[in-house]
Amino acid sequence: MSDPANSTIADALDELGDLYELDGAVIHRVLAYRTAARAVRDARGSVAQLAREGAVTSIPGIGATLERKILDLIETGEIPAAVKLRERYPPGLLAITALPGLGPKRARRLFDELGVDSPDALRAAASAQRIRTLKGFGAKGEQAILAALDAGAAERPRSRTLLDRALEIGELIIEALRALDPQAQIMLAGSARRRADSVKDLDIVVDCPSLLDSLGTLDLLEEGGRTSPSAARGRTHSGLTVELRAVSSEQFGNLLQHLSGSSAHNAALRERAVRVGLHISEYGILEDATQTTHHCATEDEVYARAGLSYIEPELRENRGELEAAAAGTLPVLVELSDIRGDLHAHTTASDGHASIEQMAQAALALGYEYLAITDHSATHGFGDDVSPEQLRRQIELVREADAKVEGIKLLAGSEVNILPDGSPDYDDDLLAALDWVIASVHTSFALDRDAMTERMCRAANHPLIDAIGHPTGRLVQRRAPYELDVDALIATCAATGTMLEINASPHRRDLDEIHSRAAAAAGVRLVINSDAHSTGGLQSLPYGIWTARRAWLTAADVANTLPWPAFAARLKRSRR
DNA sequence: GCCGTTTTCGGCCCGACTGTTTTCAGTCG
């Protein structure tokens with residue numbers, strides 16, 4: 001039996017935390033499980049392997065008790081405590097806690113006193129007006145429960161919006177607000193500012209309270225209005241919730257910092273601050289010694305008062321950034337302007353929408369020094385295969401276009417399929433005729449973990465495969481990564497000098513930030529590519545940059561920050 | 001359940017809102 005993935009272990013710890021919470025455990029014990037689950041999910045290597053080596057307690061938040069439970073999970077597939085608790089609390093009870101206003105405490109009372117053990121049982125109890133008979137519950141709450149059930153809140157998880165859509169809407173809203181008050185400070189906060197893969201809602205901070213009344217008047221919004229003297233809420237036509245918060249200019253930094261989160265970052269920041277006699281909130285920093293509250297106009301001041309250097313929003317996930325900020329060892333993160341070329345682009349030769357020359361002109365306009373044309377290969381399987389003969393012709397066409405378009409180096413490449421056995425779908429002499437080969441999986445996603453890992457590692461071992469494209473195949477919010485031991489792939493890439501792609505499509509962002517960070521730490525060089533299928537597609541590169549920044553990468557970790565000659569010299573085909 | 005310029009016990013971020021209440025627990029972000 002292969003080891004459970006970090007996400008599997010994390011899910012098990014989260015579930016156990018939920019069960020203990022239903023069981024009435026003290027909240028700090030429950031939180032310990034959630035903290036541990038998060039740490040496992042964010043861990044850079046295999047937690048199962050670490051546990052088998054007896055070193056899992058090196059992860060902050062995991063002690064002897066959780067080590068035992070993780071080992072049980074690895075060895076038997078189950079955690080005994082979870083098995084026992086599941087018998088006591090039916091799964092329908094956890095579903096009930098997904099309803100707004102119904103947490104573990106109230107759900108537990110409905111279960112104990114009314115026998116409510118599922119959303120259906122809850123509906124029956126509410127319809128019969130039995131819920132209002134409980135102490136602490138009332139008619140209003142009963143109506144709210146029925147309304148939430150009717151809205152389907154118990155069945156589907158709350159939907160999240162992809163970052164590209166969220167930023168597009170957020171920027172339009174900010175633009176509209178700025179037009180109303182050009183002097184106001186207006187900033188996007190929340191997970192959109194941290195450039196997470198997807199967002200639950202949009203948070204915007206302003207220093208001009210009169211803008212709160214304007215939110216609902218914007219064309220972009222379906223509805224909106226004030227919810228308190230300092231806040232307004234609205235909903236876009238696409239259903240995205242927008243939270244607008246106003247604060248004085250003197251406290252702008254405090255509120256911006258607070259609303260930019262993440263909650264884990266803020267909690268850890270505040271815990272650190274308490275140890276030095278400071279209490280950080282969204283309104284200011286209370287100093288124990290003087291009993292004065294310091295207002296901060298900027299985030300720099302917030303972090304400086306806490307004894308920390310400024311922390312970029314992309315790093316605020318409590319993944320070690322506070323310790324690094326205290327020690328003055330935060331990395332200088334890679335920026336879009338560091339990028340000199342894009343090494344993954346399609347044309348009409350396969351499934352792209354533009355010609356080689358059009359793509360070249362678009363890349364030139366972005367200031368790039370080089371662009372690789374990497375159409376799909378012979379077995380793409382979507383009716384746009386590029387036969388070996390066609391690829392030889394395509395190489396000539398790229399050379400011709402390269403001679404024609406001034407100011408940018410065009411590279412003849414291919415995005416070859418990695419066949420189920422791990423081999424590429426062109427012959428070696430054809431691959432050798434190319435400047436650059438990126439290899440990706442587009443078929444047979446359902447191989448088991450061992451077979452998929454061997455497949456990918458075989459590809460990474462191929463002397464003419466320079467990089468692995470979108471290495472896990474995940475689509476944000478749509479498709480889970482295929483079963484793959486990413487650590488093993490990273491190790492193979494490190495050993496062979498194969499690069500790993502951070503595919504910048506906002507739908508992919510693959511590798512993700514966790515694995516990208518692990519890859520860089522293992523000495524693997526990352527390459528950030530757009531995977532453009534049109535001239536406009538080249539402009540998705542910032543999403544890859546943001547993933548790289550969330551992975552703590554510097555320009556030195558990213559190969560395509562190099563000029564082409566230096567890049568080419570680092571290719572394993574050059575070094576042979 | 002974890003952890004240590006509070007170190008093996010006693011703490012563990014901060015604040016707003018809600019509904020059901022005469023003072024607050026629970027929920028949420």
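This is a predicted model: local features need pLDDT of at least 70, side-chain atom pairs count only at pLDDT 80 or more; totals for chains, interfaces and linings use all residues.

**Helix α1 and its partners**

Mentor: Let's start with α1 and helix α2 (residues 27-42): their axes are 8 Å apart and the two pack at an angle of about 170°. Angles over 145 degrees count as roughly antiparallel, so α1 is roughly antiparallel to α2. Now look at who touches whom. On the α1 side you'll find N6, I9, A10, D11, L13, D14, L16, G17, D18, Y20 and E21, and they meet I27, R29, V30, Y33, R34, A36, A37, V40 and R41 in α2. Sort the residues of that contact by class and you get eleven nonpolar, two polar and seven charged.

Next, turn to helix α4 (residues 64-76). Its axis and that of α1 come within 11 Å and cross at roughly 120°. That angle makes α1 oblique to α4. As for handedness, the crossing of α1 past α4 is right-handed. Here I9, A12, L13, L16 and Y20 in α1 meet L66, K69, I70 and L73 in α4. This contact of α1 with α4 has eight nonpolar residues, one charged residue and no polar ones. While you're in α4, pick out L66: it also belongs to a core of 52 residues, which includes I74, V116 and F137 too.

Helix α1 (residues 6-22) packs against α5 at an angle of about 45°, and their axes are 10 Å apart. So α1 and α5 are oblique to each other. Their crossing is left-handed, whereas α1 passes α4 in a right-handed one. To find the contact on your screen, look for E15, L16, L19 and Y20 in α1, which meet A81, A82, L85 and R86 in α5. By class, that contact of α1 with α5 comes to six nonpolar and two charged residues, with no polar ones.

L16 is in the contact with α2, in the one with α4 and in the one with α5. Y20 turns up in each list as well: it is among the residues meeting α2, those meeting α4 and those meeting α5. I9 and L13, for their part, are listed in the contact with α2 and in the contact with α4.

Definitions and conventions
Residues are numbered from 1 along each chain as its sequence is written. Chains are lettered from A and ligands numbered from 1 in the order in which they are written. Side-chain values use heavy atoms; hydrogens and water are left out. Axes are lines fitted to C-alpha atoms, for helices over the stretch in contact, and angles run from 0 to 180 degrees between N-to-C directions. Helices (H or I, at least four residues) and strands (E, at least two) are DSSP runs, numbered from the N terminus. Angles under 35 degrees count as roughly parallel, over 145 as roughly antiparallel, 65 to 115 as roughly perpendicular and the rest as oblique. A crossing is left-handed if the near helix is turned anticlockwise from the far one by less than a right angle, and right-handed if clockwise. Contact means heavy atoms within 4.5 Å. Ala, Val, Leu, Ile, Met, Phe, Trp, Tyr, Cys and Pro count as nonpolar, Asp, Glu, Lys and Arg as charged, and the others, Gly among them, as polar. A nonpolar core is a set of buried Ala, Val, Leu, Ile, Met, Phe, Trp, Tyr and Cys residues joined through side-chain atoms within 4.5 Å. Buried means under 20% relative accessible area, exposed over 50%, partly exposed in between (1.4 Å probe, protein chains only).
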